[in-house]
Amino acid sequence: MCKKNRFYLTTPIYYPSDNLHIGHAYTTVAADTLKRFKKQMGIDAYFLTGSDEHGQKIERKAKAVGKTPKAYVDEIVANIKSLWKLLNVDYDDYIRTTDDRHVKVVQKIFKQLYDQGDIYLSKYEGLYCTTCEAFYTELQLKDGCCPDCGKPVEKTQEEAYFLKLSKYQDWLIDHIETHPDFIQPVSRKNEMLNNFLRPGLADLCVSRTSVTWGIPVEFNPKHTVYVWIDALSNYISALGYGSEDTSLFDKYWPCDVHFVGKEIIRFHTIIWPIILHAIGLPVPKQIFGHGWLVMNGQKMSKSLGNVIDPVVLSNKYGADAVRYYLMRAIPFGSDGQFSYETFLTLINADLSNTLGNLLSRTVAMIEKYFGGQVQAPSAYTDVDKELIALALATPAKVEVKFNEFQFPQALEEIWNLVGECNKYIDVTEPWILGKTEEGKERLKAVLYVLAECIRFIAVLITANMPNTPAKIYLQLGITDTELTTWDSLQQFGLLKAGTQVQKLDAIFPRVDIKAELAQLEPEVPATPQQKPTPKKETPVESEDKANTIGFDDFTKVQMHVGKVLSCEKVEKSDKLLKFQLDMGTEQRTIVSGIAKYYDPTTLVGKQLIVVTNLAPRKLRGIESQGMILSAVSTDSESKEEKLTLLTVEAEVQNGAEVG
Ligand code: MSP
């Protein structure tokens with residue numbers, strides 16, 4: 001049977017933890033993005049995730065809250081599932097290691113390995129705490145005593161089963177060396193070969209008599225199966241391996257890729273392939289070890305107290321913003337430093353300004369110039385053709401990057417198209433075209449090209465941002481699902497003339513970074529394990545109070561960036577200059593009393609900061625629609641008043657909000 005058109009991918013199964021953090025969400029969002037992309041490609045992709053519910057830790061936690069382990073994990077698993085729902089994670093199956101279907105398979109694998117002599121009974125020697133009924137290693141001890149209850153430990157032996165890893169070591173080295181894609185990135189492959197495999201593998205202890213919350217060894221039930229043998233088997237138990245119905249297993253195994261964090265790559269690339277090979281099954285095609293989300297230089301983890309809650313971020317800024325950040329900001333395979341500031345900055349820059357503005361400007365112009373109806377282009381100019389060529393070339397580039405798990409690079413290709421669309425608006429100057437009949441004919445093509453490019457962009461972002469395309473299609477008036485498929489990107493021009501657009505709310509409202517940071521950051525300790533010190537309120541003197549305004553008052557002032565298209569002296573006035581500004585979706589005339597400070601010709605092309613919601617007023621018969629901001633100071637030598645216009649530090653889109 002041909003398996004080329006199928007793709008099986010997995011995340012690790014998660015330990016049931018009260019609050020999964022954004023680091024956990026990283027693996028899952030990556031897998032979900034890939035699955036959705038494969039689906040767009042017409043591939044039958046199957047995505048498995050789940051939870052890893054056995055072990056002494058769970059048993060103790062459940063006991064502490066007076067619950068049975070199963071009742072305890074049931075609640076947590078419900079939370080994990082609702083997090084995946086919130087983040088729009090579209091898994092095909094959720095396996096729990098407490099599922100009966102899983103338990104049976106683990107027992108079967110264990111028995112087969114025992115029957116064929118790959119598992120044997122021996123003695124496990126370690127430092128044992130009788131109170132906690134647990135073994136510890138020298139390193140785990142706290143001042144030579146049990147790390148949990150603090151009591152002395154004793155050297156003890158426990159009967160245990162062992163797996164003959166050593167028997168398969170040479171086979172595995174050979175497999176890794178002859179299958180360059182098996183462990184990715186390459187650095188992880190070298191680490192496994194040099195640090196673990198070549199120095200030699202010791203046989204692995206695969207059962208415990210001291211752990212009761214686990215899968216019993218069928219033929220010797222006082223033993224439970226070692227948690228990693230239990231957990232790793234999920235990848236095939238979920239497919240029905242060894243059950244009456246093996247159709248999924250036959251269809252999807254071997255797995256195309258296991259996505260795992262780098263700290264668990266060893267289990268996946270040594271223990272797992274050896275088990276599979278020993279029981280006569282093909283091994284996964286690839287195990288990809290991604291990096292960690294770190295904060296303050298350390299892996300984000302609950303015990304360090306440096307975790308970020310994905311629920312808070314998704315509820316505040318939307319799942320798509322979180323998904324975009326995770327896949328855009330961190331190269332898959334490397335560690336990435338999380339900071340609220342980069343997260344918020346990315347929302348504003350890429351989602352709100354670049355993508356959101358492109359959509360709202362385009363729709364607003366179609367409404368303004370053509371009553372909201374997309375017009376048929378009569379001819380394309382070279383500038384149009386260039387942008388069309390880029391739109392048509394982008395899907396193939398994105399496809400290559402997604403297939404290589406280069407998520408940030410795939411998104412970069414898409415945002416390159418978004419950026420070029422914005423530049424195209426600057427170059428074609430629709431507001432000037434809209435002034436004449438001839439210009440309006442040309443404007444039909446310009447706005448058509450933009451709307452069609454936005455359709456391309458919506459399709460391209462679907463895998464990573466599943467919520468946003470529908471919002472874009474709604475504004476663009478696209479209802480035909482044929483226009484939303486990847487295949488539809490082979491042709492430019494499918495958007496029908498006459499389609500009715502509608503300007504709705506911004507798809508990504510701009511966030512006020514300072515205000516958001518003030519709310520979010522107190523939750524993060526400055527260094528791990530350090531609780532934030534509550535900020536002391538500085539008493540405000542009544543005199544100062546009179547000079548302050550509330551935040552709400554401040555947000556009433558709307559400011560935007562505008563580019564000077566023309567600037568000239570106002571007739572019969574020494575003070576006034578008349579500006580014509582490009583504000584993105586419109587032009588504005590503003591009269592400003594700064595003639596004695598500037599030669600008007602030097603100002604053309606500058607980007608200035610404009611207060612845009614001031615009531616218009618007439619100056620020398622000209623209606624001024626806003627105010628241009630400037631800083632006023634006194635020259636220290638001449639003591640003369642100096643005025644400097646406020647501008648932006650780097651070029652931004654005209655119309656960008658200031659705040
Ligand atoms: N239960 C095991 C996996 C068994 S798979 C047969 C486990 N669970 S976990 O809940 O601790 O981790 C689940 C996934 O989340 C792992 O891929 C892990 O690497 C990932 N992450 C946990 N913290 C992370 C970060 N701070 N950053 C990125 N990924 C992180 O391991």
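**First stop: a pair of helices**

Select helix α13 (residues 340-370) together with helix α19 (residues 513-520): the two pack at an angle of about 145 degrees, and their axes are 10 Å apart. Before you go further, please keep in mind that you are looking at a predicted model.

Now show side chains where they touch. From α13, pick Tyr340, Glu341, Leu344, Thr345 and Asn348; from α19, pick Ile513, Glu516, Leu517 and Leu520.

**Second stop: the ligand**

Next, select the ligand and the residues around it. Which residues are the closest? They are Ile13, Asp52, Gly261, Glu263 and Leu293, out of 25 residues that surround the ligand. Sorted by class, this shell holds 13 nonpolar, nine polar and three charged residues.

Zoom in on the polar atoms one by one:

- Asp52: a polar atom of its side chain is 2.7 Å from a nitrogen atom of the ligand.
- Gly261: here a backbone N or O atom sits 3.0 Å from an oxygen atom of the ligand.
- Tyr15: a polar backbone atom is 3.1 Å from an oxygen atom of the ligand.

On its own the ligand has 660 Å² of accessible area, and the protein covers 96% of that. To see where the shell comes from, colour β1 (6-14), α1 (22-40), α7 (227-232), α8 (234-237) and β11 (257-261), the elements that each give two or more residues to it.

**Third stop: backbone details**

Hide the ligand and turn to the backbone. Most peptide bonds are trans, and most residues other than glycine have a negative phi.

Go to Gln184 and Pro185: the peptide bond between them is cis, with omega near -10 degrees. Pro185 belongs to the loop between β7 (183-184) and α6 (186-197).

Then move to Trp253 and Pro254, which are joined by a cis peptide bond with omega about 5 degrees. You will find Pro254 in the loop between α9 (247-252) and β11.

Is its phi positive or negative? Phi of Glu429 is positive, near 50 degrees, in a residue other than glycine. Glu429 lies in the loop that runs between α15 (407-428) and α16 (430-433).

Key:
Residues are numbered from 1 along each chain as its sequence is written. This is a predicted model: local features need pLDDT of at least 70, side-chain atom pairs count only at pLDDT 80 or more; totals for chains, interfaces and linings use all residues. Side-chain values use heavy atoms; hydrogens and water are left out. A residue is near a molecule or strand if one of its heavy atoms lies within 4 Å of it. A polar contact is a pair of N or O atoms within 3.5 Å; within protein, one must be able to donate a hydrogen and the other to accept it, and residues adjacent in sequence count only if both atoms are side-chain atoms. Accessible areas come from the Shrake-Rupley method with a 1.4 Å probe; for residues, only the protein chains shown count as cover. Helices (H or I, at least four residues) and strands (E, at least two) are DSSP runs, numbered from the N terminus. Ala, Val, Leu, Ile, Met, Phe, Trp, Tyr, Cys and Pro count as nonpolar, Asp, Glu, Lys and Arg as charged, and the others, Gly among them, as polar. Axes are lines fitted to C-alpha atoms, for helices over the stretch in contact, and angles run from 0 to 180 degrees between N-to-C directions. Contact means heavy atoms within 4.5 Å.
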